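Let's take a walk through this fold together, helix by helix.

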Amino acid sequence: MSALKQNANFKWLMRGGVISALGDQLTMIALPWLVLKLTGDTLALGLVIALMSVPRAIFILVGGALVDRYSPKRVLMLTKYVNAVLLALLTLLVMNVASAPTVALSSSLSLTVAITPHLALQLIYALALGLGLAQAFAMPSGMSILPLAIPADHLQAANGMMMGIRQVTMLIGPLLAAGLLAFAGDGNGGVSNARGLALAFGFDCLSYLVSAWTLAKVTLLPAAVTATTPSTTDAKPQSVLRSVGAGLRMVWDDVPMRLCFIYWGTVSLFIGGAMQVALPVLASHLHGASTLGLIMGAHGAGTLLGMGASAKLGARLRFASFGAMILTADAIAGVLLAPLGMVQAVWQAALLMLTLGLLTGYMQIKVFTWIQQRVPPQMMGRAMSIFMFIFMGLAPLSAAATGWILTLVSLSQLFLGGGIILVTFAAGAYLFTPIRSIASTTP
């Protein structure tokens, strides 16, 4: 660890990662709140989340192929500049809507256009789509650069520290967003009182520029540069599709993995995206955007504690099997989700989210370890891409549907129904599938 802390590449990557992750947390809080304050329409909120998530899921495999073809550093740098431009436009949009009803497009022609809520929403849709596309290329490049910049004997420690830092930002970022929106204005008095939202987007824009500067300081290892340099024997273009197909066949032929992936995909489709829409709506029913930051911060704190507990106590807390453990965890999560829509105080929501975070953090380590133990090293990237695709591709569909469902049912009914569905899925999988007997390690 001491040697790793002296590694220049790691220090630059860590600094840029912290700054960028904090900025992302601000946008995650500010963007759904902006849509709710601008329209009051949960369907619009679900569509914005879907526009960010679906392109990311669809193109993430393409992004991974381009990262393999070109340098991860080059692809990551490009995505940082693209994100900075998109967030700068979003900042200007909020500032203009907040300050004046019209915006001059050309001073020489004296041409103005009214920024109505409808037009502003259309622009937000376009920017959300752009942010989602950029993430499709940023995520695989971000995951690929660490092994190319850090010596192999330090890689495990580097991964552990970066994962821990990411969880810390998930705790601090929402709290920072809550304070910023509470003091600078969160749009509760209308979008004209939304300086805090503009500041949040502006900070995220600046964070991408700063992290691009830190990334420029990273020097890839000589062996990594050689490995990422295209050779004359590169495979044909269709080999990317064949490679993806081989990964899908590997997951399908591994029966325990197939069962788990199908189960996780089902849960993600019915529950995952719904929570992305329901939590901002819950915050709006309590005390505003600062509440969203507080409850998401509580979830981040719980996740960090859960990861620590998994690393510290994982060997002692044993279940009959890995399958029984994930189904039990999901059943408990369903019980915790059910009363969320009926809370009357922020501390109640924060306590439930903290407990959910504990469960999430503990299981996240268990699930990733299980996959790493089952999958051959040469197939790891494709297996993890498929795993990410399950959550990124299916959850947005339920996010879009949830916006419409909330026009028909109350928020408390949505949370209660989601909790019941999750408990039912876990119980059904335990009783009627072999998932409960899946072992914790490979045979």
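In which hand of crossing does H12 pass H15? The crossing is left-handed, a term used when the near helix is turned anticlockwise from the far one by less than a right angle, with right-handed meaning clockwise. Before going further, some ground rules. This is a predicted model, in which local features need pLDDT of at least 70 and side-chain atom pairs count only at pLDDT 80 or more, while totals for chains, interfaces and linings use all residues. Residues are numbered from 1 along each chain as its sequence is written, and side-chain values use heavy atoms, with hydrogens and water left out.

Now the overall picture. Of the 443 residues in the chain, 49% are buried, where buried means under 20% relative accessible area, exposed means over 50%, and partly exposed is in between (1.4 Å probe, protein chains only). Take the contacts between residues at least 6 apart in sequence: 84% of them join residues at least 24 apart. A contact here means heavy atoms within 4.5 Å.

How far can you trust it? The mean pLDDT of the chain is 77, and 78% of the residues reach 70 or more; pLDDT is the predictor's confidence in each residue, from 0 to 100. Residues 101-114 stay under 50, though the model gives this stretch 18 contacts beyond four places in sequence. Residues 231-238 are also below 50, and beyond near neighbours in sequence that stretch has one contact in the model. Where pLDDT is low, the predicted coordinates should not be read in detail.

Back to H12, which covers residues 322-337. The expected span of a helix is 1.5 Å times one less than its number of residues, so the 16 residues of H12 should span 22 Å, and the 23 Å between its end C-alpha atoms agrees. H12 is mostly covered, with twelve of its 16 residues buried. Among them are Phe322, Met325, Ile326, Asp330 and Gly334.

H12 packs against H15 (residues 411-432) at an angle of about 160°, with the axes 7 Å apart. Axes are lines fitted to C-alpha atoms, for helices over the stretch in contact, and angles run from 0 to 180 degrees between N-to-C directions. H12 and H15 are therefore roughly antiparallel, given that angles over 145 degrees count as roughly antiparallel, under 35 as roughly parallel, 65 to 115 as roughly perpendicular and the rest as oblique. On the H12 side, the residues that meet H15 include Leu327, Ala331 and Val335; their counterparts in H15 include Phe415, Val423 and Tyr430.

Zoom in on Gly334 in H12. Gly334 counts as buried because its relative accessibility is 1%. Leaving out residues up to four places away in sequence, Gly334 touches Gly419, Leu422 and Val423. The C-alpha atoms of Gly334 and Thr424 are separated by 8.7 Å, although these residues sit 90 apart along the chain.

H15 has another partner in H10 (residues 255-285): the two pack at about 160° with axes 10 Å apart. That makes H10 roughly antiparallel to H15, and their crossing is left-handed. The contact includes Tyr263, Phe270 and His285 of H10, and Leu411, Ile421 and Phe425 of H15.

H10 in turn meets H2, with an angle of about 60° and axes 10 Å apart. These two are therefore oblique to each other, and H2 passes H10 in a right-handed crossing. Here Pro32, Trp33 and Leu36 in H2 meet Pro280, Val281, Ala283 and Ser284 in H10.

Follow the chain into the loop between H2 and H3 (42-69) and you find Gly40. At 57% relative accessibility, Gly40 counts as exposed. Gly40 and Val281 are 241 residues apart in sequence, yet 9.5 Å apart C-alpha to C-alpha. Asn9, in H2 (residues 8-39), counts as buried at 9%. Its contacts, not counting residues up to four places away in sequence, are Ala149, Ile150, Lys217, Val218 and Thr219.

One last stop is Thr303 in H11 (residues 289-313). Thr303 is buried at 2% relative accessibility, and beyond its neighbours within four places in sequence, its contacts include Gln167, Gly357 and Gln364.

Terms used
Helix = DSSP H or I, 4+ residues; strand = E, 2+ residues; numbered from the N terminus.
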